[in-house]
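Dear colleague,

I am passing on the structure below, and my notes on it follow. Please read them with the coordinates open.

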Amino acid sequence: MSVDTATVRRVARLARIAVTDEDVTAMEGELNAILGFVEQLGEVDVEGVEPMTSVTPMAMKKRQDLVTDGGKADDIVANAPASEDHFFVVPKVVE
């Protein structure tokens with residue numbers, strides 16, 4: 001894939017980057033180099049290679065999934081003008 005000056009200007013506009021005419025030619029070369037590298041990565045044979053989460057093998061740290069009230073209900077409603085059973089009490093606004 002090759003990037004032309006119109007594509008560079010469009011990408012710059014989408015990224016909200018002010019690009020001068022001199023910068024357009026430089027960015028065109030840079031974007032073409034990046035896309036060329038990505039195409040090279042597509043040619044690598046990765047058949048049989050497992051996906052990795054890190055370059056060093058390690059087990060993911062997991063916490064137990066427990067449902068709690070957070071232990072903060074009293075602190076949350078402490079400054080409320082009115083509360084009841086850890087809920088804010090507000091005046092009725094809809095009839």
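Is Asp 21 buried or exposed? With a relative accessible area of 52%, Asp 21 is exposed, since the cut-off for that class is over 50%. Please bear in mind that this is a predicted model, in which the chain averages a pLDDT of 88 and 99% of the residues score at least 70. Confidence is lowest in helix α3 (residues 73-76), where the mean is 87, and highest in helix α1 (residues 5-14), at 93.

The side chain of Asp 21 meets that of Arg 9 in a salt bridge, with an N to O distance of 3.0 Å. This pair links distant parts of the chain, Asp 21 lying in helix α2 and Arg 9 in helix α1, twelve residues apart. Arg 9 is partly exposed, at a relative accessible area of 43%, and the count of salt bridges comes to one.

His 86, which sits in the loop between β1 (83-84) and β2 (87-88), is partly exposed at 46% relative accessible area. Leaving aside neighbours within four places in sequence, His 86 is in contact with Ala 73, Asp 74 and Val 77, and a polar contact of 3.2 Å joins its side chain to that of Asp 74. The C-alpha atoms of His 86 and Ile 76, ten residues apart along the chain, are separated by 8.2 Å.

Finally, there is a nonpolar surface patch of about 670 Å², made by Ile 34, Phe 37, Val 38, Leu 41, Val 44, Val 46 and Val 49; of these residues, Leu 41 is found in helix α2 (residues 21-42).

With best regards

Technical notes. Residues are numbered from 1 along each chain as its sequence is written. This is a predicted model: local features need pLDDT of at least 70, side-chain atom pairs count only at pLDDT 80 or more; totals for chains, interfaces and linings use all residues. Side-chain values use heavy atoms; hydrogens and water are left out. Patches are made of residues with over 30% relative accessible area and no salt bridge: like charges are joined within 9 Å, nonpolar side chains (Val, Leu, Ile, Met, Phe, Trp, Tyr) within 5 Å. Accessible areas come from the Shrake-Rupley method with a 1.4 Å probe; for residues, only the protein chains shown count as cover. A salt bridge is a side-chain nitrogen of Lys or Arg within 4 Å of a carboxyl oxygen of Asp or Glu. Helices (H or I, at least four residues) and strands (E, at least two) are DSSP runs, numbered from the N terminus. pLDDT is the predictor's confidence in each residue, from 0 to 100. Buried means under 20% relative accessible area, exposed over 50%, partly exposed in between (1.4 Å probe, protein chains only). Contact means heavy atoms within 4.5 Å. A polar contact is a pair of N or O atoms within 3.5 Å; within protein, one must be able to donate a hydrogen and the other to accept it, and residues adjacent in sequence count only if both atoms are side-chain atoms.
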